[in-house]
Amino acid sequence: MQPFEPQQLPIDGIQWDSLIPLIGKANRSLAYYDGILYGLANPDVLLSPLTTQEAVLSSKIEGTQATLGEVLKFEAGEAPVEESRVRDIEEIMNYRRAMRRAEEELKTHPFSLNLLKELHAVLLDGVRGKFKARGQFRTTQNWIGTSGLPIEAAQFVPPAPQNIMPHLDNWEKYYHFDRPDPLVQLAIIHAQFEMIHPFLDGNGRLGRMIVPLFLFERKLISSPVFYISAYLERYREEYVAGLQGLSEKTPTAWTRWIGFFLRAMDEQSRENARKAQAIIDLYGRLKGRIIDLTHSRYAVPLLDCLFDQPVFTSSLFDDRPGMPGKPMIMNMLGRLKKAGILKVVREGSGRRPQILALAELINVCEGSDII
Ligand SMILES: Nc1ncnc2c1ncn2[C@@H]1O[C@H](COP(=O)(O)OP(=O)(O)O)[C@@H](O)[C@H]1O
Ligand SMILES: [Mg+2]
């Protein structure tokens, strides 16, 4: 099978007629979501569990099995039984770190290929990344197909390594174009990135990470938090088939792909808005209740800590500035437990501390009652 040579960007011949209603819809939903985001004093903290959930789902598209609950429990010190699950969780935590690193960088610098390499290095930091040219564009041929089968049986063979740089240069220029339809541009940016497949591994996850970064840089959202992966995971087959179809290099295939992507943007904008609103409501509700329960000036700082790390042991508060001493913390946590706000995830025994969870927050993020 010959390596695929992607087309030069921009793409000509897109059938706009069929896309126009979708473009309008997706833009309206995104603007509605941004309205909610814009009103948030601290979206990073408040939406932190959604960021973790995005990392979980984006990784799940590639086959990792770990769940949001497992990641959060791991952070609180509960190790899973299987070693492979620990590796999954490590990569999910790397994913989240990479997203945060990108957010920081974009506040002062435009997106660049160098940033992309840096993010790759963060994503594949750890055991599994060892043999995957971490932080480097690949210098060998790779392919997509059933694991263990040779290149002859590949589903898709990306460009030869010596052709990667010219394609990436064209891609980076296109990324910074000021196109009138940024969501269509983003659909093309994601797909073209997957077709260039510049890294040995991690291309899917990095390509999905680009979505919020691009939206933020183009000022379509006021902070770089947007979660796309739930839709791509739910419609994984259609997602992959859409990308695969682009190998034909036809306007029809591109139009179909862009349509799929716009539907994903529309649906996820509405889903993100719904979840962000539910989280804001929960925060407001809990704030009132915790003040009532504790009569403490530490009530709100405590609540902020719980949103930042909703599964925890009491040592979470040891190194947080502005928190009171241990006895008062234990007293407050006790009251929240009694009121049913905090649930016990693991009982303490011997030197193993008790693990608690702000269950309602996790359930809102997950969309079902998992704790
Ligand atoms: N036929 C295809 N053509 C182009 N890209 C594809 C195709 N099939 C899958 N992909 C993309 O490749 C990604 C997998 O590549 P990989 O480097 O293993 O990324 P990761 O390690 O993040 O999973 C998928 O998530 C998808 O985005
Ligand atoms: Mg992979």
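These legends walk through several close-up views of one predicted model.

**Before the views.** Residues are numbered from 1 along each chain as its sequence is written, while chains are lettered from A and ligands numbered from 1 in the order in which they are written. Since the model is predicted, local features need pLDDT of at least 70 and side-chain atom pairs count only at pLDDT 80 or more, whereas totals for chains, interfaces and linings use all residues.

View 1. The secondary structure comes to 15 helices and three strands; here helices (H or I, at least four residues) and strands (E, at least two) are DSSP runs, numbered from the N terminus. The C-alpha trace spans about 65 × 45 × 35 Å along its principal axes. For 371 residues a compact globule would have a radius of gyration near 21 Å, and the chain, at 22 Å, agrees with that. That radius is taken over C-alpha atoms, and the globule rule is 2.2 Å times the number of residues to the power 0.38. Of the 371 residues, 39% count as buried. A residue is buried if 20 or more other C-beta atoms lie within 10 Å of its own, exposed if 12 or fewer, and partly exposed in between, with C-beta atoms placed from the backbone. Among contacts with a separation of 6 or more, 68% join residues 24 or more positions apart; two residues are in contact if their C-beta atoms, placed from the backbone, lie within 7 Å.

View 2. The domain assignment gives domain 1 (16–272) and domain 2 (276–366), with bounds that come from an automatic or database domain assignment. Their C-alpha centres lie 32 Å apart. The contact takes 19 residues from domain 1 and 20 residues from domain 2. On the domain 1 side, the elements that give two or more residues are helix 1 (16–38), helix 2 (43–46), helix 3 (48–61) and helix 4 (68–75). Helix 4 gives the most to this side, with five residues. By class, the domain 1 side has 11 nonpolar, five polar and three charged residues. In this classing, Ala, Val, Leu, Ile, Met, Phe, Trp, Tyr, Cys and Pro count as nonpolar, Asp, Glu, Lys and Arg as charged, and the others, Gly among them, as polar.

**View 3. The shell around ligand 1.** Ligand 1 is surrounded by 16 residues, and the closest are Glu62, Glu194, Asn203, Gly204 and Arg205. A residue counts as near the ligand if its C-beta atom, placed from the backbone, lies within 6 Å of it. Helix 8 (182–196), helix 9 (203–217) and helix 11 (236–245) are the elements that give two or more residues to this shell. The largest share, four residues, comes from helix 9. The shell residues divide into six nonpolar, six polar and four charged.

**View 4. The buried side of helix 13.** In helix 13 (residues 299–308), Ala299, Leu302, Cys305 and Leu306 are buried. They cover an arc of only 125° around the axis, so they sit on the same side of helix 13; the arc is that of the directions from the helix axis to the C-beta atoms. What covers these buried residues includes helix 12 (251–294) and helix 14 (326–338).

View 5. Asn170 lies in helix 7 (residues 164–175) and counts as partly exposed, because it has 17 C-beta neighbours inside 10 Å. Leaving aside residues up to four places away in sequence, Asn170 touches Gln8 and Leu9. The peptide bond from Leu9 to Pro10 is cis, with omega near 0°, and Pro10 lies in the segment before helix 1.

**View 6. Two residues with positive phi.** Ala133 and His197 are the pair to look for here. Ala133, in the loop between helix 6 (113–123) and helix 7, has a positive phi of about 45° although it is not a glycine. With 17 C-beta neighbours inside 10 Å, Ala133 counts as partly exposed. His197, in the loop between helix 8 and helix 9, also has a positive phi of about 45° without being a glycine. His197 has 24 C-beta neighbours inside 10 Å and therefore counts as buried.

**View 7. Lys117 on helix 6.** Lys117 lies in helix 6 and, with 16 C-beta neighbours inside 10 Å, counts as partly exposed. Not counting residues up to four places away in sequence, Lys117 touches Gly135 and Gln136.
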